[in-house]
Amino acid sequence: MTRIGGAWQNWSRSAAVRPVRVERPRSAEGVQRAVVAAVRQGLSVKAVGAGHSFTGIAVAPGVLLELADLQGLVAADAATGRVTLLAGTRLHRIPRLLAPHGLAMQNLGDIDRQSISGAISTGTHGTGAQFGGLATQVVGVTMVTAAGEFVRIDEEHQPELLPAVTLGLGALGIIVEVTLQCVPAFVMHAIDEPAPLDDVLATLDTRVAESDHFEFYWFPHTRVALTKRQNRLPESTARKPLPKVGRWIDESLLSNGVYRLACAAGQVIPAVTPHFSRIAVKLTGDREYTDLSHRVLTQRRSVRFHEMEYALPAENVVAAFAAVRALVEQRGWRIEFPIEVRFAAADDRWMSTAYDRASAYIAVHRYWRADPTEYFDAVESILREFGGRPHWGKMHTLTANSLREQYPRFDDFVELRNQWDPERSFGNRYLERVLGS
């Protein structure tokens, strides 16, 4: 289906564009035809999934490819755990597709609205010091190049390029299929509980090591950390899920409904924000349950926000967090969203924020109607001092020159881009800024 004109904007309303035309291919061949036509006409072409990136990474001023119809399971092998999905498949639909085969994704981020291709291409990750981001689960991709050709990259076909194309920022081609290495389905035991922030920081290494997955949130204007620790158990383990009513109260009524009102009120009367924050840490973040992995790892978020997130060498996270905390207190800002801290294992994906180093992530947020610039810029300066690398799908100000210093394989990636897309058919302003012209 082709549509001329119209507007596109991302979920957070931080990026928008009016493309020359929008195409909605229903097959890999449809993507190929769209790419060939766009290149022939001298138009750039970009694929969009759910629009959950906060940057302009998916902005398509030429031809925008909506992949909403390119969803579903292509193949699954329960014996090997290998599963191939169409590129537009939303993460929240994958558990249902894997269930008949007794499989699950090894790890997930806390939001599951993204498409699988968008999630891996921007470096989406979850938490867990022994687990990499979603791109590390990828063992094969099929993509359409600027030459209009299908290219398969996996263990048998140019395997040396797999670490490059699995987290390709949308700069190398349009992914049409993704093959994942899944694991046997499992359940998780989760404990969410508040704890004194200073105690959490003092014992952070131990807390991270003692749980398969650990993270914490800190609402500015409080002295409490909302900790989340989760451990993996066999699928046969008896489940004790959250009661439906209790989960609705926590995740829909309080965390989304009431919280949305609190954020809106804070824009009108900033002085109320600290009071709401102190109430939030008393009413949420205290529960224990056991459930299927995807129900524990992900959560529903409907309050729109802007986000910036940096990956740091794991050993720097406590000092960096302390500096950010001091900054907020010194400036007297009224920040309505919590600061989030997560962890990931080192990996070999060329453009991964966790490339070649165990990493900790500090994420800051603002309500979507608030201007995040002053807050984000100041926090960014701190996180850069501690060796931070910005998440590709979240807001930051860095350019190719500074990013090159952070990524040992940066020039290798740029050279591959030069070979595969010399005319920048898959380019846009964001990629020009972060990769160079």
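Reader: Which residues point one way from β15, and which point the other way?
Author: H213, E215 and Y217 point one way from β15, while F214, F216 and W218 point the other way, and all of them are buried. Buried means under 20% relative accessible area, exposed means over 50%, and partly exposed lies in between, with a 1.4 Å probe and protein chains only. In a regular strand the side chains alternate between the two faces of the sheet.

Reader: What should I know about the model and the numbering before we go on?
Author: This is a predicted model, in which local features need pLDDT of at least 70 and side-chain atom pairs count only at pLDDT 80 or more, whereas totals for chains, interfaces and linings use all residues. Residues are numbered from 1 along each chain as its sequence is written, and side-chain values use heavy atoms, with hydrogens and water left out.

Reader: OK, back to β15, how many of its residues are buried?
Author: Strand β15, residues 213-218, is mostly covered, since 6 of its 6 residues are buried. Strands here are DSSP runs of E with at least two residues, helices are runs of H or I with at least four, and both are numbered from the N terminus.

Reader: And which strands does β15 pair with?
Author: β15 pairs in the antiparallel sense with strand β16, residues 224-234, over 6 bridges, and 3 bridges join β15 to strand β19, residues 339-344, also antiparallel. Two strands count as paired if DSSP finds at least two bridges between them. In β16 the bridge partner of Y217 is L226, and in β19 the partner of F216 is V341.

Reader: What sits between β15 and β16?
Author: The two strands form a hairpin with 5 residues between them, and H221 in the turn has a positive phi of about 80°. In another hairpin, that of β7 and β8, there are 4 residues between the strands, and G81 takes a positive phi near 80°. Strands β7 (73-77) and β8 (82-86) are antiparallel over 4 bridges, with V83 of β8 as the bridge partner of A76.

Reader: Switching topic, is D205 buried or exposed?
Author: D205 counts as exposed because its relative accessibility is 67%, and this residue is found in helix α6, residues 204-210. The C-alpha atoms of D205 and V318 are separated by 9.6 Å, although these residues are 113 apart along the chain.

Reader: What about the whole protein, why does its radius of gyration agree with a compact globule?
Author: With 437 residues, a compact globule would have a radius of gyration near 22 Å, and the protein has 21 Å, so the two agree. This radius is taken over C-alpha atoms, and the globule rule is 2.2 Å times the number of residues to the power 0.38. The C-alpha trace spans about 60 × 50 × 40 Å along its principal axes.

Reader: How many helices and strands are there, and what share of the residues is buried?
Author: The secondary structure comes to 14 helices and 21 strands, and buried residues make up 58% of the 437 residues. Taking contact as heavy atoms within 4.5 Å, residues 24 or more positions apart account for 73% of the contacts with a separation of 6 or more.
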